[in-house]
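These notebook entries record what I looked up in the structure.

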Amino acid sequence: MIGLHNSVIRSTGCSVPSRVVPNEWFTNYVDTSDEWIRSRTGIRERRFVGPGESSATLGVTAAKLALESSDLHPEDIDLIICATVTPENMCPQNAAVIHAALGCRPIPAFDLSAACTGFLYAMSIADQFLKTGAARHVLIVGSDVLSRTLDFTDRNSCILFGDGAGAAILSASPQRERGVHSVKIYADGGPRELIHVPGLVTPQPPADQKQHEHIRLNGREVFKFAVRRMIELTTDAILECRLAGRSIDLLIPHQVNQRIIDAALESTGFPSDRVMVNLEKYGNTSAASVPIALDEALKTGRAKPGDTLLLVAFGGGLTWGSAIVTL
Ligand SMILES: CC(C)(COP(=O)(O)OP(=O)(O)OC[C@H]1O[C@@H](n2cnc3c(N)ncnc32)[C@H](O)[C@@H]1OP(=O)(O)O)[C@@H](O)C(=O)NCCC(=O)NCCS
């Protein structure tokens with residue numbers, strides 16, 4: 001590491017649609033209740049995009065807010081990565097829309113697809129560009145609008161998701177104590193069908209149009225996978241921090257289900273008062289979930305300069321990952 005830079009989180013931003021959808025709304029479509037959704041997931045409401053909004057428009061707003069909160073100008077950005085499984089278009093990529101909206105000079109700008117772990121995949125790539133000196137400032141965005149893929153006749157899935165975008169600017173820094181200490185990302189394509197979001201380009205015309213159009217998931221199996229991975233990632237990070245003489249001040253997990261978080265906390269013994277949870281307001285916003293919670297933690301003072309954060313995510317692919325970062 002001697003001679004290499006460290007990458008620090010310089011600023012963050014987030015954007016959610018203005019339309020609030022409370023749990024009660026779903027009783028118009030499926031046999032469910034506010035009580036069931038709150039007690040089984042912790043979610044009270046979520047945001048859904050309206051006409052003219054997309055993962056690209058939400059991503060642009062989140063990116064602009066992150067840029068405004070930094071002391072940088074658009075021409076300072078060296079790389080843009082947008083994590084999304086619901087891009088506005090397959091081409092041009094969301095990152096190109098964000099690039100144009102910010103008015104950056106010609107730089108690399110691309111999307112990546114790693115579902116709910118996408119923001120940590122983007123952070124891993126940004127970290128490597130920054131540590132090797134290939135970039136000085138990287139804008140990473142997680143943005144998804146899974147409401148556009150929901151089947152409002154499937155009560156197992158339609159109540160879980162919301163729309164949003166979160167962004168962060170990471171900068172190279174000579175400081176060794178601050179910044180990204182480690183980012184770990186994983187995938188296992190074996191059980192990939194546990195979470196399926198259909199694409200626009202398929203190998204053959206779908207036999208069942210309905211199956212083709214909507215997100216499908218095996219909630220019970222994903223629940224078990226999520227608890228297992230969150231326990232592994234948290235245990236691993238606690239050990240890594242202990243060896244480095246650090247302690248974790250705040251855990252920011254993927255915001256999917258309060259019961260998943262509680263089960264992992266119980267198993268690892270990590271204190272619940274050091275966990276950032278806002279899923280009651282937004283549901284599962286996929287790649288936006290961790291950066292929205294990160295932005296809220298910073299804006300509300302839950303996370304302060306000098307704090308060490310553990311970010312943990314898991315989701316479709318299947319993918320999972322974690323990052324240990326000192327602010
Ligand atoms: C989906 C999830 C909330 C279901 O909770 P659960 O406790 O596992 O519930 P189960 O799947 O065991 O279902 C229990 C019962 O509730 C029913 N149920 C499911 N959704 C319901 C709803 N919205 N309202 C009322 N009842 C519902 C089921 O049909 C089932 O009924 P049955 O016993 O008569 O078959 C939970 O498994 C979960 O959060 N999974 C992960 C979500 C996910 O995949 N996220 C995306 C990737 S990170």
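**Entry 1: Ala63.** I began with Ala63, which counts as buried because its relative accessibility is 0%; buried means under 20% relative accessible area, exposed over 50%, and partly exposed in between, with a 1.4 Å probe and protein chains only. I note that the model is predicted: local features need pLDDT of at least 70, side-chain atom pairs count only at pLDDT 80 or more, and totals for chains, interfaces and linings use all residues. Residues are numbered from 1 along each chain as its sequence is written, and side-chain values use heavy atoms, with hydrogens and water left out.

I placed Ala63 in helix α2, residues 55-69; helices (H or I, at least four residues) and strands (E, at least two) are DSSP runs, numbered from the N terminus. Leaving aside neighbours within four places in sequence, I found Ala63 in contact (heavy atoms within 4.5 Å) with Ile98, Leu102, Leu139, Val141 and Ala167. I also checked Ile169, which is 106 residues from Ala63 along the chain, and the C-alpha atoms of the two are separated by 8.5 Å.

**Entry 2: His254.** I located His254 in the loop between β11 (250-253) and α8 (258-268). Is His254 buried or exposed? His254 is buried, since its relative accessible area is 1%. I found a polar contact of 2.8 Å between the side chains of His254 and Ser289; such a contact is a pair of N or O atoms within 3.5 Å, where within protein one must be able to donate a hydrogen and the other to accept it, and residues adjacent in sequence count only if both atoms are side-chain atoms. Beyond four places in sequence, the contacts of His254 include Cys116, Ile261, Asn284, Val312 and Phe314.

**Entry 3: Aromatic pairs.** Rings of Phe, Tyr and Trp (its six-membered ring) pair if their centres lie within 6.5 Å; planes under 30 degrees apart count as stacked, over 60 as edge-to-face and the rest as tilted. The pair of Trp25 and Tyr29 is tilted because the planes stand at 50 degrees, with the ring centres 4.8 Å apart. I recorded Trp25 as partly exposed at 21% relative accessibility, and Tyr29 as partly exposed at 46%.

Trp25 also pairs edge-to-face with Phe48, at 6.0 Å centre to centre and 85 degrees between the planes. Trp25 lies in the loop between β2 (19-22) and α1, and Phe48 in strand β3 (residues 45-48), so this pair ties together parts that are 23 residues apart in sequence. Phe48 counts as buried, at 3% relative accessibility. I noted one aromatic cluster formed by Trp25, Phe26, Tyr29, Phe48 and Phe152.

**Entry 4: The ligand.** How many residues surround the ligand? I found 22, and the closest are Thr32, Arg40, Gly219, Arg220 and Asn257; the criterion is a heavy atom within 4 Å. A polar side-chain atom of Arg40 lies 2.7 Å from a ligand oxygen, and one of Arg220 lies 2.9 Å from a ligand oxygen. The elements that give two or more residues to the shell are α1 (34-41), α5 (155-158) and α7 (219-243). The largest share, four residues, comes from α7.
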